[in-house]
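Biologist: I have a model open on my screen and would like to learn how to read it. Could you walk me through it?

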Amino acid sequence: MNAAEASTRRDWRQEYLKRYYAGTIKPEERWLRLVLDHTPTGARVLEIGGGPAAWTARAIRDRACEIVGIDIDPVIRTNHVVDEAIVYDGGRFPLPSAHFDVIISRWVNEHLPDPVLHFSEVARVLKPGGIYLFRTVNLYHFTTWVAYFTPHSLQVPLVRWLRNMSSGDHDPYPTFYRINTRRRIAALGRKVGLSPVSFAISEEPPYYGMAHKALFFLFMGYERVVNASSALEGVRHTLDGVMRKSLTP
């Protein structure tokens, strides 16, 4: 493929997103509003899975007195927005108890092999009354089911193709989907002392349709249908949650 053809391929994606989604709230904007609404001035913040994507931390940098990033991937060390970058083994957080006012995770919970340990650690390092904000994938979305039954070795090239990922984008991490419904999250939260504040499920623009125009329109049709009725919220893609640690043990 020559440079002109590559440019044309890039152009239709941006053109279609602009044409069909201009004026709509972008998924990243919805996420940042949620984070900003629940991050008070002077908060100590922990971002789980901070990695190289520093834009969440950057949005709250002026209001947070401390931001710690923790990740199983050493790429966290390239996030220069955080005050401290920690690489850990995915088990217990190497952090003191009752230290943080806010804990944030974005696209992490679908990758948890042990959700009980993870949520227990979130509750442990949160201060009483502290907030846990997360964005994850809804178990009942069709892409989740495709991924669930597809070996990871095939998931990686499939997702890279569908999303038209560049060579600089990191490969998708292995997924488990063990804590990806509102009911499971609420039940586990109650066990560890985290009470649900709000859950919302939304369907994103057709980012999985970037491989071909026909896929773009197919997934856009799905997005239009499921976002048109609250009765279909349960089969949308993106699950945003807010939970609060109990004030008393």
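Modeller: Gladly! Let's begin with pairing: two strands count as a pair if DSSP finds at least two bridges between them. Strand S1 (residues 43–48) and S4 meet that with four bridges, in the parallel sense. Please keep in mind that this is a predicted model.

Biologist: What is the order of the strands in the whole sheet?

Modeller: The order is S3-S2-S1-S4-S5-S7-S6, an open sheet of seven strands with mixed pairing. At its edges are strand S3 (84–87) and S6, each of which pairs on one side only. On average, neighbouring strands of this sheet are turned by 15° against each other, direction ignored.

Biologist: In which sense do S6 and S7 pair?

Modeller: That pair is antiparallel, over eight bridges. For a landmark, find Phe199: the bridge partner in S7 is Gly241.

Biologist: Is S4 enclosed or open to the outside, and how can I tell?

Modeller: Count the buried residues, where buried means under 20% relative accessible area. In S4, five of the seven residues are buried, so this strand is largely enclosed by the rest of the structure.

Biologist: Can we try single residues? Is Leu133 buried or exposed?

Modeller: Leu133 sits in strand S5 and counts as buried because the relative accessibility is 0%. Leaving aside residues up to four places away in sequence, Leu133 touches Trp31, Leu34, Val35, His38, Val102, Ile103, Ile104, Ser105, Gly241 and Val242. Thr39 is 94 residues away along the chain, with 9.7 Å between the C-alpha atoms of Thr39 and Leu133.

Biologist: And Gln14: buried or exposed?

Modeller: Gln14, in helix H1 (residues 3–21), has a relative accessible area of 55% and is therefore exposed.

Biologist: Which strands does helix H2 lie across?

Modeller: H2 (residues 27–37) lies across strand S4 (100–106), S5, S6 and S7, and runs at about 175° to S5.

Biologist: What about H7: which of the residues there are buried?

Modeller: In helix H7 (residues 182–192), Ile185, Ala186, Leu188 and Gly189 are buried. The buried residues of H7 pack against helix H4 (115–125), strand S5 (126–137), strand S6 (194–202) and strand S7 (238–245). After H7 comes Gly193, with a positive phi near 95°.

Biologist: How do I describe the packing of H4 and H7?

Modeller: Two packed helices are described by the angle between their axes and the distance between the axes. For H4 and H7, the angle is about 50° and the axes are 9 Å apart. These two helices are therefore oblique to each other, and their crossing is right-handed.

Biologist: Which residues of H4 and H7 meet there?

Modeller: From H4 come Pro115, Val116, Phe119, Ser120 and Ala123, which meet Ile185, Leu188 and Val192 in H7. The residues of this contact divide into seven nonpolar, one polar and no charged.

Note on methods. Residues numbered from 1 in each chain as written. Predicted model: local features only at pLDDT ≥ 70, side-chain atom pairs only at ≥ 80, totals over all residues. Heavy atoms only, no water. Buried < 20%, exposed > 50% of the residue type's maximum accessible area, 1.4 Å probe, protein only. Contact = heavy atoms within 4.5 Å. Axes fitted to C-alpha atoms, helices over the stretch in contact; angles between N-to-C directions. Parallel < 35°, antiparallel > 145°, perpendicular 65-115°, else oblique. Left-handed = near helix turned anticlockwise from the far one by under 90°. Nonpolar A, V, L, I, M, F, W, Y, C, P; charged D, E, K, R; others polar.
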